[in-house]
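Subject: Structure handover

Hi,

Here is the structure I promised to pass on. Please open it alongside this email. My notes follow below.

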Amino acid sequence: MTLPRYALPSTETIHETVLQNGITVLVYENPAVESVVLYGSLLAGSIYDPLDRNGIASLTADALLRGTTTRDFETLNSALEDIGAELDTSTGKHRMTFSGRALVEDFTVLIDVLADALQNPIFVENELAEERLKRTTELNFAHQDTRYMATRGLRKALYPATHAYHYSTYGSVDSLQHITTSDLRRFHSQYYRPDGMTIVVVGAVSAQIATAIIADALGDWQNSNQSDLPIFPDLSPPQDLIRLDTSIAGKIQADIIIGTIGPSRFADDYIATQLANSILGEFGMMGRIGNVIREQLGLAYYAYSRLDGGEGAGAWSVTAGVAPENVDLTIEKARDEIRRLTTEHVSAEDLDDNQAYFTGRLPLRLESNYGLASTIHAMIQYNLGLDYLVGYREQIFSITRDDILNAAQHYFDADKLIISVAG
Amino acid sequence: MTDLVTQLSNGLQVILREVHSAPVISFWLAYDIGSRNERTGQTGISHWVEHMMFKGTQKFPAGVLDREIDRAGGQWNAFTSTDYTMYYATLPANRIQIALEAEADRMINAEFDPAETESERTVIISERQGSENSPTFWLNEAVRASAFRVHGYHHTIIGDMADLESMTRDDLYAHYKMYYTASNALIVAVGAFDAQEMLQQIEAEFGHLPTQVKPTPFVRPEPEQQGECRVTVERSGMTAFLSIAHHVPESTHDDWFKLEIIDSVLTGAGGGVDNRTSRLYKALMKTGIAASIDGGMSESIDPYLYELTVTLNDGYTHANAEEIILAEIADIQRNGITQYELDKAKKQARAAFAYSTESVTNQAFWIAQSAMLGDLTWYDTFLERLNAVTLDDVQEAAQKYLIPRRRITGLLVPTGIDESEYYEDEAEEVLV
């Protein structure tokens with residue numbers, strides 16, 4: 001039999017429209033499924049929080065689905081849940097993101113609720129109190145979680161108290177107590193705006209119809225308030241080997257996170273760093289880190305590295321969960337691998353493996369509506385262009401062993417790291 | 001949608017479903033062996049054997065397949081459940097052959113090198129210790145042990161520490177030889193292939209594997225519980241949890257679908273649909289008593305549990321939440337649910353079902369699980385069976401199953417934080 005042909009999303013298949021108020025709408029038609037996914041963002045992340053009240057951006061996003069001028073909590077959530085639709089908001093460092101999905105027949109309802117939530121939220125005290133209480137419980141529980149506490153230690157040590165990245169997007173037990181509904185109302189009024197907003201739709205809906213539905217629901221939205229971009233101090237990586245220990249009673253295992261400041265997604269050497277990270281702690285069974293710490297020494301169930309950079313410079317880190325008596329050995333082995341990455345060229349085979357891995361995984365990433373939508377959104381978020389995937393293979397295979405070594409040396413130094421241990 | 005369902009001459013079952021929405025294929029190999037079949041002294045053996053299957057064969061030494069599958073842009077992994085052990089790979093369609101070769105090879109050629117076995121012992125102990133760091137792991141373990149005195153569901157999949165420390169390489173190898181056979185296995189493939197061509201590929205890789213009698217798994221039925229059980233777990237920390245479980249029938253039973261509706265009404269449908277309009281969200285979250293409420297039944301071969309788990313906010317007691325949950329259950333027993341609630345539960349299930357079919361990996365899993373449950377049609381008839389549930393069915397199921405005699409109540413009591421043992425470095429210590 002003849003199998004169908006498949007094409008990468010590109011300017012030929014992604015339908016882009018910029019509404020008069022600045023909202024960018026992108027639609028990718030996928031008639032093979034009976035549902036529709038939407039994924040979008042606007043510039044209302046936690047970097048806009050006052051430093052002494054972190055959590056405002058996140059609580060504002062949460063409040064969107066707790067009531068509007070025409071729908072109370074019950075009515076708004078029933079509108080979604082009665083039809084099995086899903087709509088979530090979340091807050092990152094730079095953006096507030098929303099994602100949702102519904103059966104094709106209910107797409108209009110999904111957009112209607114989204115538009116209402118974005119434009120007309122009310123911020124009532126009892127809803128804020130409920131969320132504050134919930135978050136306080138969650139944070140108190142998280143303070144007993146070794147991985148959470150090790151990560152928190154790294155974050156606080158890498159970024160100075162004058163930088164938004166020093167603080168949790170979710171808020172702290174202390175900051176949550178001081179945030180009021182007025183704070184949320186003010187934040188919404190200033191930062192929720194159509195200019196800079198992106199909505200991606202993927203599913204069994206035509207581009208023309210989807211765009212018209214969104215234009216009808218959000219095309220008249222205006223916000224003339226000023227939205228100031230905060231200014232933060234320049235970041236510098238650790239200048240020494242610094243260890244932070246958090247002791248938590250009753251724990252059987254310790255979590256270790258070793259890290260430094262990595263690149264943002266806009267950095268010229270981001271792709272080379274991504275490949276370097278994959279070689280260090282991702283490819284195969286968690287890369288070189290996994291091979292030594294798990295496979296050879298049997299010290300840990302998980303041992304890997306990750307790169308967190310987005311619109312700003314996130315951490316580049318190695319994580320492992322080990323028995324307390326193996327903490328020092330694990331740190332030593334992880335540093336050995338970091339040192340190796342920064343002093344030796346990776347082999348041609350290592351590079352080729354990882355280049356094949358990066359390009360080969362595209363079909364799986366693009367299989368689901370959600371995978372397609374988030375990928376298309378990233379093309380806009382990081383100014384990659386809608387034909388980014390068309391040239392992706394060429395870009396990945398243009399990276400050389402020198403590029404990998406230079407990227408590793410640019411960011412990592414085995415003697416200048418934050419080592420955060422909790423257990 | 002017509003599946004190709006067949007069996008090779010050595011007893012290996014095969015189910016193939018063509019889906020051409022994306023150029024990928026998901027290939028699954030399921031073995032009819034899980035933690036429910038483990039004897040005391042060998043708890044966790046199925047999971048450990050699953051780990052050993054990634055330690056290589058002569059044809060594919062350790063690490064070779066991780067590399068090959070990553071190079072191909074695929075994902076592969078495995079997991080052990082209470083009821084079965086499954087291996088899967090999802091790959092770009094033109095690279096699926098490697099998965100077939102790998103699974104056929106390690107079904108009979110896994111080496112279980114003694115040194116690798118010892119190295120993996122510490123990895124698995126580390127996996128268990130990672131779980132032990134969470135207070136809720138201890139609560140879950142205690143509730144299961146209280147619910148099942150005889151049946152293998154009484155222990156966690158990862159196994160008891162005593163067994164992880166004492167099992168030998170020969171124990172593991174014997175388990176592997178007994179249960180990793182063509183007659184005890186099932187292949188499911190879903191994706192962009194021609195079914196006849198895929199069957200030929202499977203025949204070429206698996207058809208020559210030895211024919212053995214399907215092993216009889218070790219199972220001991222759980223006798224009826226003789227009254228409500230309560231269990232308390234104390235762990236350091238500040239957060240209290242409550243777990244209320246009831247014995248329910250196996251997943252192929254009609255009553256299981258009636259209980260699915262009850263769960264949807266009490267805690268939401270799950271599957272990506274939120275639960276903010278469910279009865280217990282309103283009763284526990286909107287009143288500030290709880291920070292979370294979750295509910296659900298695992299799909300299971302034998303009768304298992306319907307579990308409700310609550311995270312309590314500071315200032316509220318287990319009794320506060322327990323009283324509310326039991327009152328909601330009593331209300332369903334007494335008054336049933338409304339037509340609106342029934343219709344909503346069915347619509348939510350339809351949506352969640354549609355979302356889950358977007359990925360060939362999900363579809364293949366559900367088909368494989370259906371076969372393991374003993375009903376090949378379980379997944380494809382799920383919505384039909386749910387839609388057949390009536391208001392009376394729901395009320396009767398609540399009256400029959402959600403009763404004290406079938407109940408296990410678990411309390412996680414936080415013992416607080418010993419300040420002398422808790423500190424966070426504020427000053428940074430420079431090592432070099």
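Let me start with the cores. The largest nonpolar core has 81 residues. Those with the most contacts inside it are B:V188, B:I261, B:I262, B:L284, B:V310 and B:I325. Helix 13 of chain B, residues 360-373, gives the largest share of this core, with 8 residues. A second, separate core has 74 residues. A:V25, A:L59, A:A115 and A:Y192 are included there.

A word on confidence. This is a predicted model. Chain A averages a pLDDT of 94, and 99% of its residues score at least 70. Residues 1-5 of chain A are another matter: pLDDT stays under 50 there. For that stretch the model has 6 contacts beyond four places in sequence.

Now the sheet in chain A. Here 6 strands form an open sheet, and the pairing is mixed. The order is 1-2-6-3-5-4. Which strands stand at the edges? They are strand 1 (14-18) and strand 4 (86-91) of chain A. Each has a single partner strand, so one side of each is left without a neighbour in the sheet. Neighbouring strands are turned by 15 degrees against each other on average, direction ignored.

Inside that sheet, look at strand 3 (residues 35-42) and strand 5 (residues 96-103) of chain A. They run antiparallel, joined by 8 bridges. A:L42 of chain A stands opposite A:M96 in strand 5. Helix 1 of chain A, residues 56-63, packs on the sheet. This helix touches strand 4 and strand 5 of chain A. Its direction makes about 170 degrees with that of strand 4.

Next, strand 5 of chain B, residues 85-92. How many of its residues are buried? The count is 8 of 8, so to speak: the strand is mostly covered. Two strands pair with strand 5 of chain B in the antiparallel sense. Strand 3 of chain B (residues 24-31) is joined to it by 8 bridges. In that pairing, B:F27 stands opposite B:A89. Strand 4 of chain B (residues 75-80) pairs with strand 5 over 6 bridges. There, B:A78 stands opposite B:Y87. A hairpin of 4 residues links strand 4 to strand 5 in chain B.

Two single residues are worth a look. One is B:L172, in helix 7 (residues 169-179) of chain B. Is B:L172 buried or exposed? Its relative accessible area is 0%, so B:L172 is buried. Beyond residues up to four places away in sequence, B:L172 touches B:I45, B:W48, B:V49, B:F112 and B:T117. B:T90 is 82 residues from B:L172 along the chain, and their C-alpha atoms are separated by 27 Å.

The other is A:N140, in helix 4 (residues 125-142) of chain A. Its relative accessible area is 16%, so A:N140 counts as buried, the cut-off being under 20%. What does A:N140 contact, leaving aside neighbours within four places in sequence? The partners are A:V173, B:M238 and B:T239. Two of those names carry the letter of chain B.

Best wishes

Methods: Residues numbered from 1 in each chain as written. Chains lettered and ligands numbered in written order. Predicted model: local features only at pLDDT ≥ 70, side-chain atom pairs only at ≥ 80, totals over all residues. Heavy atoms only, no water. Buried < 20%, exposed > 50% of the residue type's maximum accessible area, 1.4 Å probe, protein only. Pairing = 2+ DSSP bridges. Axes fitted to C-alpha atoms, helices over the stretch in contact; angles between N-to-C directions. Contact = heavy atoms within 4.5 Å. pLDDT = per-residue confidence, 0-100. Core = buried A, V, L, I, M, F, W, Y, C linked by side-chain atoms within 4.5 Å.
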